[in-house]
Amino acid sequence: MDITETLAIPIPEQLDSPAVPDQADLDLTTVGDFTVPDPRMKIRDVNVFYGQKQAIFDVNLDIGSNSVVAMIGPSGCGKTTLLRCLNRMNDTIDGCRVEGRVEMDDKNVYDRKMDPVLLRARVGMVFQKPNPFPKSIFDNVAYGPRIHGLVRDRTDLEEIVHTSLERAGLLDEVKDRMDQPGTGLSGGQQQRLCIARAIAVSPEVILMDEPCSALDPIATARIEELIGELRKNFSIVIVTHSMQQAARVSQRTAYFHLGYLVEVGSTKDIFTTPKHQLTEEYITGRFG
Amino acid sequence: MSPLFLIFLLLALSSAAYFFSQRRMLRQVRNANVARLSSLPEHFGMLGAIWAGAPALLVYFVWLIFEGDILMAQVLAILPDPESMAATRELLIGDIRNAINNPMSYQMANEEVRMAADRYQELSQTATLALTATCLSVFAICSALVLKFLTPQVRARVRVEKIIRGFLLLCSTLAIFTTVGIVLSVLFEASRFFQTVSVIEFLFGLEWSPQMAIREDQVGSSGAFGAVPLFAGTLLISFIAMLVAAPIGLMSAIYLSEYAPAKIRAAVKPMLEILAGVPTVVYGFFAAITVGPALRGFGQSIGLDVASESALAAGFVMGVMIIPFVSSISDDVITAVPQAMRDGSLGMGATNSETMRRVILPAALPGIIGGLLLAISRAIGETMIVVMAAGLSANLTANPLEAVTTVTVQIVTLLVGDQEFDSPKTLAAFALGLTLFFVTLVLNFIALYVVRKYREQYE
């Protein structure tokens, strides 16, 4: 039996994209409208390289205000890389180079005048694995306000910590043990603590990199509920491997494949009537 | 046949047994099919070699250990008038050994010693023959047993693993027993010292002048064995050393682990570690010839009276010496802090130095303290630099510009040159050694405890 025959990815039928006919390769031009009215951030023609290897190809995407954008796609498709471009966390990786523009308030965050420290205060991040600092619960949440000098006295600080924990839905569980180490909480609680820590500096955008992949279904449900709540005040970008999660929490979905943004649109459309064949195959579970 | 040749013969025979057993096992199963054996042919080979060769080698080594003493006893027995020599027995044995090993001594020795030496040589030749015969016959018997008992059903792999484990265990306990032996020998001599000088006087006495009067009427050599000035000097110098090493080592570790680009790190780290490879005696003359006089010159220019051999010079150079200890342990500990901590902090908009100060260092602190304590033990035990640069006078002072002396330096001076092992002066060295041993032991325990506690944090 010919192995190549069984492993070959089928060439998608050309639907409505003006791609070159007879193209033997996959057509990876973005399908769907990547813009939204009143965007919080704009990604324009972004290419990302790790050394010689290109990880992201010409991606354009808007991050809407007070809504959740889900990034989905198979492993290694560049979702996390693109997410980390939004608050310049890629700066900390040796050999990583970003080309193109990422705009916030019409200013390019990759401009030389932009201070990544201020940017990261406005674009917060929650990581895949809960990473509370080995400090008390209080100090974990107070970390951001303290380093950014947001508070004048202890009362202010306590107020911020309480509000943040409350918005993260964690206050009732930890209010009697604020001085105990954050690392002593359960996985789901730790992740909510990290969310509280991120929102304590009142960011405008929150980036979430597979925030539930290390959690059990109950803790996941709580976080998803929380994301729904947070949407009222923040713009959220979430990377996830769970298509159900993307369908549940997001308003818009972007599907990535091998570093290309293949399709973007409202979550409902993507999951009910995907236009690109790759998207359809991925969400129906035929590969990925 | 010399004993040296014999051991090579035994090893060669054992390797022959290795190949023989391997081939033989394969021949005993159908089609020489390895899958039919309970273990790989190599395991049978090893087991065959061990069974055949190990007992013979054991006999060989035990024999060599005891041969000298037994032969000497035989020689002494044939000498006339053994009772009269009881007191000088050790001396006589020494003479005989000299005569055996050294033709010059043989020429100069008296009749009795020559006779003994001749007799020893004779016996020794016989003994070597007997050794060869014994070892070879043990090997032969064992080989026969291998032929009889090594069958394809023997679980050779399991047995070889067990033997290897036993051998490794033996090696590790050997180191422990050596340590115990050292402690016991020091303890024994120290207890003799404490028969003349009380423990209280030794531990709390403020004066150190270990000169004992040889004659009753001698002046100024009363002998005072208060170790406080020595320990004070040790602590002073170690303190100065840590004052230099802790900040510099820590900061260089922080730079190397968090800030340095890969290229600089690859170049600087090995260079820092070269510092640890410089012999301490080289540091010693650097301290004595360069740093000491430089400090004195500088002190004079600003009107300070600095001794040319000062605690400051020795401590400073010692600090430079232990920088690599501090930096390499701190570097390991800082690198061990999970990347997630850094990401978390940087993602909040913290700068590199804020991340370092508020997250990484607190997380790594226990490990760093452990590393510092190990460096302190090292500083306390250091001798050469202090001998050369800090002087020998036991001043009880906290002034780093004066000459002081340390415990290790006093041990050296007490034991260098001619000694009499019944004088408290010499025995004091062992008491000092014992005390020092306990001090560093306690420090190491604390360090290990702290480091272990640190390990639990992320697991």
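So, chain A: eleven helices and ten strands. Keep in mind as we go that this is a predicted model.

How big is chain A overall? The C-alpha trace spans about 70 × 45 × 35 Å along its principal axes. For 288 residues, a compact globule would have a radius of gyration near 19 Å, and chain A comes out at 20 Å, so the two agree. Buried residues account for 46% of the 288. And if you take the contacts in chain A between residues at least 6 apart in sequence, 69% of them join residues at least 24 apart.

Okay, the sheet. Chain A has an open sheet of four strands, and the order is 2-1-4-5, with antiparallel pairing. On the edges you have strand 2, residues 53-64, and strand 5, residues 107-108, each pairing on one side only.

Let me walk through it from strand 1. On one side, strand 1 of chain A pairs with strand 2 of chain A, antiparallel, over eight bridges. If you want a residue pair to click on, Val46(A) has Val59(A) in strand 2 as its bridge partner. These two strands also make a hairpin, with two residues between them. Which residue in that turn has a positive phi? That's Gly51(A), at about 60°.

Then there's the pairing with strand 4. Strand 1 runs over residues 39-50 and strand 4 over residues 96-104, both in chain A, and they pair in the antiparallel sense over eight bridges. Here the pair to look at is Asn47(A), whose bridge partner in strand 4 is Glu99(A).

Now, where do the chains meet? The contact takes 21 residues from chain A and 16 residues from chain B. On the chain A side, the elements giving two or more residues are helix 3 (116-122), strand 6 (123-126) and helix 4 (137-147). Helix 3 of chain A gives the largest share, four residues. By class, that side of chain A has eleven nonpolar, six polar and four charged residues.

Let's move over to chain B. It's divided into domain 1 (3-153), domain 2 (155-196) and domain 3 (224-458). The C-alpha centres of domain 1 and domain 2 of chain B are 24 Å apart. Eight residues from domain 1 of chain B and six residues from domain 2 of chain B make up the contact. What does the domain 1 side of that contact look like by class? Five nonpolar residues, three polar and no charged ones.

The largest one has 164 residues, and the ones with the most contacts inside it are Val237(A), Ala314(B), Val317(B) and Ile385(B). Helix 11 of chain B, residues 311-336, supplies the largest share of this core, with 16 residues. Pick Ala314(B) and leave aside its neighbours within four places in sequence: you'll find it in contact with Ile237(B), Ala287(B), Ile385(B), Val386(B), Ala389(B) and Ala390(B). Apart from that core lies another one, of 23 residues, including Leu10(B), Phe44(B), Ile50(B) and Ala56(B).

Note on methods:
Residues are numbered from 1 along each chain as its sequence is written. Chains are lettered from A and ligands numbered from 1 in the order in which they are written. This is a predicted model: local features need pLDDT of at least 70, side-chain atom pairs count only at pLDDT 80 or more; totals for chains, interfaces and linings use all residues. A nonpolar core is a set of buried Ala, Val, Leu, Ile, Met, Phe, Trp, Tyr and Cys residues joined through C-beta atoms within 7 Å. A residue is buried if 20 or more other C-beta atoms lie within 10 Å of its own, exposed if 12 or fewer, and partly exposed in between; C-beta atoms are placed from the backbone. Two residues are in contact if their C-beta atoms, placed from the backbone, lie within 7 Å. Two strands pair if DSSP finds at least two bridges between them. Domain bounds come from an automatic or database domain assignment. Ala, Val, Leu, Ile, Met, Phe, Trp, Tyr, Cys and Pro count as nonpolar, Asp, Glu, Lys and Arg as charged, and the others, Gly among them, as polar. The radius of gyration is taken over C-alpha atoms; the globule rule is 2.2 Å times the number of residues to the power 0.38.
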